[in-house]
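Please keep the sequence and the model in view while reading.

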Amino acid sequence: MKNHFDDKRKLIFRILVDSIIVGIVAGLFSVLYRFIISKMDIYRGYLYADSNIKSILILLAIAIISSYVIYKLLKWAPLSGGSGIPQIRAEILGKFQMEEVPTITSKIIGGGLGNLMGFSLGREGPSIQIGGASAKLVGKFLKREPDEIKYLITAGAAAGLAAAFNAPLAGCIFAIEELHKSYSKYVLLPALIASITANFISFVLMGPETAFSFAVAESLPMKLIWVAILIGILTGIIGVFYNTLIVKFQDMFKKISSPIVKYGLLMAVTILIGFTFFKATGGGHGLLEEMSLNKFSVVYILMILLAKLFYTTFCYGSGVQGGIFLPVLVIGGCCGSLIFSMLRNAVPIDQFYINFLILGMSGILASVVRSPILSIILVSEMTKTFEHLIALSIVVIVSYYIAEAFKVAPIYDTLLERQLKDKNLLSPVERELGNYSIFEYTMTENLEVVGKRLREIDFPKHVIVLSIERDGQEFIPNADDYIQSADKLTVLEDATDALDIDKFLKYE
């Protein structure tokens with residue numbers, strides 16, 4: 001037993017040291033991607049500045065070249081499409097095996113070209129997958145075991161988010177709440193170290209600024225807390241509509257068998273948006289900054305809301321490289337701004353305008369992603385605002401339950417499930433994936449297995465329970481041992497069965 005615990009301590013120490021390396025590598029790649037995206041935002045303005053024949057011909061040539069390059073990159077690295085978050089989740093579960101170098105290359109080049117053209121997609125999802133792929137590269141270079149590499153991939157994904165938004169705490173919460181959906185020291189500590197390291201890299205190379213320049217000057221008073229409920233209701237409904245639209249557009253693009261027709265349609269809509277409503281192009285960082293400085297009319301807010309809602313889901317449905325966080329935040333900001341505009345003549349709220357934007361941003365994330373703590377922490381870190389957690393919490397809770405009431409699944413769960421059903425995404429090697437992996441699960445009182453002997457539990461697949469940690473003490477169980485609430489089970493399972501067992505042993 002002593003050797004077992006000594007080995008475990010060495011494993012933890014080794015993973016923590018490796019996490020520093022992962023944070024550096026993931027931070028460098030994520031910052032590179034962030035830098036490229038920021039430059040493409042500038043160049044896109046030049047592309048759509050003029051509408052004369054020469055400018056349009058140049059734009060069409062770039063669109064054709066970009067379409068061809070993006071298509072080839074996605075053929076080369078089929079798991080690099082979309083945001084990359086479902087792919088990272090599937091990688092951790094043992095369902096996918098992404099090729100690291102092709103994935104990183106495709107994400108950076110494809111995402112950069114898409115942003116140049118004006119796709120309404122964000123940088124956070126790609127940064128997360130770039131971070132995870134970087135971590136896998138580090139793990140293979142250091143010749144770590146498959147289980148250790150999975151923890152490093154989680155840490156790398158957290159580091160990618162931290163570098164993308166200068167939000168290290170959000171990176172940690174993302175690893176727990178979105179990727180693993182349970183707490184484990186093998187998840188939290190490496191994610192924390194890698195996130196802080198990547199954030200340091202971002203500060204050194206890009207400057208110590210938060211993702212957004214605006215912040216709350218004065219907290220929303222308790223007598224106006226009902227405003228948070230209104231924003232929560234609106235963002236909850238809009239988030240459900242957003243998740244539904246993504247699925248609809250994915251289905252639409254899947255029916256288009258010709259790549260020429262598919263990318264021709266995508267580019268045609270993009271160019272049309274670029275010339276008719278340029279502010280709707282790109283992720284929307286500059287648009288949110290502009291919204292924080294100017295109080296737009298209700299009509300203009302609705303234009304932005306509808307344009308981002310339909311154009312973002314359209315772009316994401318095409319399967320090109322790009323995330324949804326940033327465009328979703330714009331939609332959330334529009335929801336908050338819309339509520340503000342409707343109330344400002346009846347209630348003295350002018351000094352709280354920024355509060356409405358930030359509350360909308362948190363609310364929409366909670367509805368779309370269904371990760372409430374991440375929604376609060378991420379927006380708070382991006383806007384350097386921690387003084388109004390009560391209002392943020394109310395918005396997030398209301399939005400979360402509104403979305404749940406409509407019985408529309410969280411977007412990343414939906415995207416993961418759809419990708420697992422798409423056999424074309426898996427290479428023959430990936431279909432034959434059969435390596436065993438070790439997972440940790442924390443038992444909650446809601447689970448059916450709690451209160452039962454191990455011999456009484458009908459697991460969906462074959463598993464081996466290696467150990468149970470209870471009240472700080474770890475022991476090797478036998479068939480007659482009971483499972484208790486708060487127990488931590490260390491389980492050996494075939495990676496191909498991980499998703500079924502993951503659902504069985506977690507109350508969600």
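## Contact between H6 and H7

Thr154, Ala157, Ala158, Leu161 and Ala162 in H6 meet a set of residues in H7 that comprises Pro168, Ala170, Gly171, Cys172, Phe174, Ala175, Leu179 and His180, where contact means heavy atoms within 4.5 Å. By class, this contact of H6 with H7 has 10 nonpolar, three polar and no charged residues; Ala, Val, Leu, Ile, Met, Phe, Trp, Tyr, Cys and Pro count as nonpolar, Asp, Glu, Lys and Arg as charged, and the others, Gly among them, as polar.

The model is predicted, with local features needing pLDDT of at least 70 and side-chain atom pairs pLDDT 80 or more, while totals for chains, interfaces and linings use all residues. Residues are numbered from 1 along each chain as its sequence is written, and side-chain values use heavy atoms, leaving out hydrogens and water.

## Geometry of the pair

The axes of H6 (residues 146-165) and H7 (residues 168-180) cross at roughly 135° and come within 8 Å. That makes H6 oblique to H7, the class left over once angles under 35 degrees (roughly parallel), over 145 (roughly antiparallel) and 65 to 115 (roughly perpendicular) are set aside. The crossing of H6 and H7 is right-handed.

## The second largest cavity

The second largest cavity, with a volume of about 50 Å³, is lined by Ile85, Pro86, Arg89, Glu178, Leu179, Tyr412, Asp413 and Leu416. Helix H3 (85-93), H7 and helix H17 (411-421) are the elements that give two or more residues to this lining. The lining residues divide into five nonpolar, no polar and three charged. A cavity is a set of points on a 1 Å grid where a 1.4 Å probe fits but cannot get out, and lining residues have an atom within 4 Å of a point.

Definitions and conventions
Axes are lines fitted to C-alpha atoms, for helices over the stretch in contact, and angles run from 0 to 180 degrees between N-to-C directions. Helices (H or I, at least four residues) and strands (E, at least two) are DSSP runs, numbered from the N terminus. A crossing is left-handed if the near helix is turned anticlockwise from the far one by less than a right angle, and right-handed if clockwise. On a 1 Å grid over the protein atoms alone, a cavity is a set of points where a 1.4 Å probe fits but cannot get out, and a pocket is an open set with protein on both sides within 12 Å along at least five of seven lines; lining residues have an atom within 4 Å of a point. Grid points are joined across faces, edges and corners, and a volume is the space filled by probe spheres set on the points.
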